[in-house]
Amino acid sequence: VEARRAAGAALADHLRDHLAARFGSLRGRVFSAYWPITGEPDLRPLMPEMDVAGVRVALPVVEVRHAPLSFRRWTPETRLVRGDWDIPVPPPEAEFMIPDVALAPLVGWDRRGYRLGYGGGYFDCTLAGLTTRPYMIGVGLLATEVATICPQRHDVRLDAIVTEEGVQVTNLPGHAGETLQKPGPP
């Protein structure tokens with residue numbers, strides 16, 4: 001437990017540094033965090049910190065299974081409800097948002113910027129449906145790196161991958177504000 005807590009704190013520090021270097025300030029922008037499950041790094045302490053800094057925080061919500069995610073506004077006062085897989089999410093009346101920056105937890109990742117999630121394809125499906133994609137940052141542990149995830153045509157590269165050891169991958173195709181292009185074969 002302590003090792004996971006320390007890894008989460010180190011990852012949060014590297015993420016703050018990466019965001020500052022990439023954007024300067026996120027004030028007024030939409031930042032999508034996530035609620036950790038099954039041992040994912042716990043970056044929830046960033047959420048109120050971002051809110052205080054004038055960043056609009058959102059959480060991904062599975063509104064319909066096997067469909068794109070929605071992003072709903074979160075504030076420290078938001079009363080979360082149980083969503084799919086019992087993950088706490090903002091309620092349906094919370095404001096719908098489109099993130100400028102979004103975190104994607106990693107089960108595995110490779111140096112080409114591809115990620116493994118839990119197999120639902122929600123992030124890839126969501127990105128494919130947006131005309132302007134957010135700057136996507138994969139967050140996970142260094143130990144989950146693999147040689148390749150053998151990406152499929154529907155897999156979308158991340159813009160950066162950050163672990164407890166720092167930024168591992170960055171400057172990949174696709175950045176916030178660009179029109180999303182359907183990825184070609186790896």
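Is Arg65 buried, partly exposed or exposed, and what is its relative accessibility? In this predicted model, Arg65 has a relative accessibility of 45% and therefore counts as partly exposed. The partner of Arg65 in a salt bridge is Asp84, and the closest N and O atoms of the pair are 2.9 Å apart. The bridge joins distant parts of the chain, since Arg65 sits in the loop between β2 and β3 (70–74), while Asp84 sits in the loop between β4 (81–82) and β5 (88–89), 19 residues apart. Asp84 is also partly exposed, because its relative accessibility is 23%.

The chain has an average pLDDT of 88, and 91% of the residues score at least 70. Over residues 174–186, however, the pLDDT is below 50, although this stretch has 30 contacts in the model beyond near neighbours in sequence.

The interior comes next. In soluble globular proteins, nonpolar side chains tend to be buried together. Here the largest nonpolar core contains 24 residues, and Leu19, Phe31, Leu43 and Ile137 are those with the most contacts inside it. At least two residues of this core come from each of α1 (2–23), α2 (46–52), β2 (56–61), β6, β9 (135–139) and β10 (160–163). Helix α1 gives the largest share, with five residues. A look at Phe31 shows some of the packing: leaving aside residues up to four places away in sequence, Phe31 touches Leu19, Leu26, Met50, Val55, Arg56, Val57, Ala58, Val101 and Leu103. Another core, of 15 residues, lies apart from the largest one, and Val62, Tyr122, Phe123 and Leu127 are among its members.

Charged side chains tell another part of the story, with nine salt bridges counted in the model. Because Arg16 and Asp13 are three residues apart in helix α1, about one helical turn separates them. Arg16 counts as partly exposed because its relative accessibility is 30%, and Asp13 likewise counts as partly exposed, at 44%. Salt bridges with shared partners also bring in Glu49, so that Asp13, Arg16 and Glu49 belong to one network.

Glu63 and Arg72 form a further salt bridge through their side chains, at 2.9 Å from N to O. How accessible are the two partners? Glu63 has a relative accessible area of 38% and is therefore partly exposed. Arg72, by contrast, is buried, because its relative accessible area is 14%, and the cut-off for buried is under 20%.

Finally, some nonpolar side chains are found on the surface. Val107, Leu116, Tyr118 and Val146 form a nonpolar patch there, with about 320 Å² of accessible area together. Val107 belongs to the loop between β6 (101–105) and β7 (108–109), and its relative accessibility of 36% is why Val107 counts as partly exposed.

Methods
Residues numbered from 1 in each chain as written. Predicted model: local features only at pLDDT ≥ 70, side-chain atom pairs only at ≥ 80, totals over all residues. Heavy atoms only, no water. Patch = residues over 30% accessible without salt bridge, like charges linked within 9 Å, V, L, I, M, F, W, Y side chains within 5 Å. Areas by Shrake-Rupley, 256 points an atom, 1.4 Å probe, with all protein chains shown as cover. Salt bridge = Lys/Arg side-chain N within 4 Å of Asp/Glu carboxyl O. Helix = DSSP H or I, 4+ residues; strand = E, 2+ residues; numbered from the N terminus. Buried < 20%, exposed > 50% of the residue type's maximum accessible area, 1.4 Å probe, protein only. pLDDT = per-residue confidence, 0-100. Contact = heavy atoms within 4.5 Å. Core = buried A, V, L, I, M, F, W, Y, C linked by side-chain atoms within 4.5 Å.
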